[in-house]
Amino acid sequence: MKFLRSLLVATGLAAAALAPVAANAQDIKPRLIRFGYGLSESSNQGRAVKFFVDEMAKRSGGKLKVKGFADASLGSDIQMQNALIGGAQEMMVGSTATLVGIVKDFAVFDLPFLFNNEQEADAVFDGPFGQKLAAKLDEKGLVGLVYWENGFRNLTNSKRPVTKVEDLKGIKLRVMQNPVYIDMFNGFGANAVPLSFSELFTAMETGTVDGQENPVTTIQSSKFYEVQKYLTISKHVYSPWIVLASKRWFDGLSADERKIINEAAVASRDFERKDSRDASKQSIAYLKDKGMQINELSDAELGRMREMVKPAMDKFAAEGGAEQLKDLQAEIAKVRK
Ligand code: TF8
């Protein structure tokens, strides 16, 4: 009898070992994971979500089914963050800039002219500074998994070419719902209008705002060239995206499931950054072809913008951000060496 039982166990083990997908041996339940995002399916954001969907299916033997919801169809960044906190939605990707109502410290990434290039940004976001900030989301009910690249932000508008800061005077410029952006662009002389991304296209189409600022990849994928004539390459802020999970949901998963999600997220990060950077190299030519008039800003002009933005930087520091900014600058200096 005893012999028979161990024979059955041995046979069972052998069968498990022969199972086609290693995931069978792991503690993974069939799950549907709703993953919301604001850009279109054909954008760099959409391509990376698709990559994550495929990666999760592969790594879980098809059990962890991620469904992407594009075009803010589950809500704006802020609405989705709240749905994640409440447990009504599992995952999302969006701007860190829209998280400042939940963890104020993220505002440090909204300060202009911090990073010289993408490699510096990668090192800071993936390093201790970026990880420490992401960990602060935990007690607010969110899990910060990885940072993706949104990119260096540039200005567009429908009124006139912006070749010097004075050209921004009186332009109604949509910004993200974030105090640093509002102060920065008011400081440049524009009229900053905070709006969610999902309302932006219509606002430009109807003339509620004259302009906006976003990376060239987004100006392309969201077809802003249809309603904006002028593009100024200003690269005023390096903008990250962050992939978030609902903590309430994540904590209920098995260790195997959490491991798969973490690893698929890291793979998606590497895919997304490369894909976005490749895509952005084509964007300028594409936008020119669509009729946009494009100009760069001279170094002298960028220097003046740095000067003009000092009051906004000082305000950020005075309102409790001084330590953050000092730490971030130290981290960037370390990376530069
Ligand atoms: C913005 C951001 C957006 C992102 C996206 C919706 O301007 O750059 O493109 O938050 O995830 O609002």
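This is a predicted model: local features need pLDDT of at least 70, side-chain atom pairs count only at pLDDT 80 or more; totals for chains, interfaces and linings use all residues.
## Basis

Local features need pLDDT of at least 70 and side-chain atom pairs count only at pLDDT 80 or more, while totals for chains, interfaces and linings use all residues. Residues are numbered from 1 along each chain as its sequence is written, and side-chain values use heavy atoms, with hydrogens and water left out.

## Overall build

The protein has twelve helices and eleven strands. These are DSSP runs numbered from the N terminus: helices are H or I, at least four residues, and strands are E, at least two. The C-alpha trace spans about 90 × 45 × 40 Å along its principal axes.

Of the 337 residues, 51% are buried. Buried means under 20% relative accessible area, exposed over 50%, and partly exposed in between (1.4 Å probe, protein chains only). Take the contacts (heavy atoms within 4.5 Å) between residues at least 6 apart in sequence: 76% join residues at least 24 apart.

## Nonpolar cores

A nonpolar core is a set of buried Ala, Val, Leu, Ile, Met, Phe, Trp, Tyr and Cys residues joined through side-chain atoms within 4.5 Å. The largest has 55 residues. Phe106, Val108, Phe109, Phe115, Phe185 and Leu328 have the most contacts inside it. Helix 12 (residues 310-336) gives the largest share of this core, six residues. Another core, of 28 residues, lies apart from it and includes Ala48, Met91, Ala245 and Phe250.

Asp110 sits in the loop between strand 3 (91-95) and helix 4 (118-126). Asp110 is buried but has no salt bridge. Such a bridge needs a side-chain nitrogen of Lys or Arg within 4 Å of a carboxyl oxygen of Asp or Glu. The nearest side chain of opposite charge is Arg153, 7.5 Å away. Leaving out residues up to four places away in sequence, Asp110 contacts Ala97, Val100, Asn178, Val180, Tyr181, Met184 and Val237.

## Ligand site

There are 13 residues around the ligand, each with a heavy atom within 4 Å of it. Asp77, Asn150, Arg153, Arg174 and Asn214 come nearest. A polar side-chain atom of Asp77 is 2.9 Å from a ligand oxygen. For Asn150, that distance to a ligand oxygen is also 2.9 Å. In Arg174, a side-chain N or O atom lies 2.8 Å from a ligand oxygen.

## Arg306

Arg306 belongs to helix 11 (residues 299-308). Arg306 is partly exposed, because its relative accessible area is 42%. Its C-alpha atom is 38 Å from that of Asn262, 44 residues apart along the chain.

Terms used
Lys and Arg count as positive and Asp and Glu as negative; His and the chain ends are not counted. A polar contact is a pair of N or O atoms within 3.5 Å; within protein, one must be able to donate a hydrogen and the other to accept it, and residues adjacent in sequence count only if both atoms are side-chain atoms.
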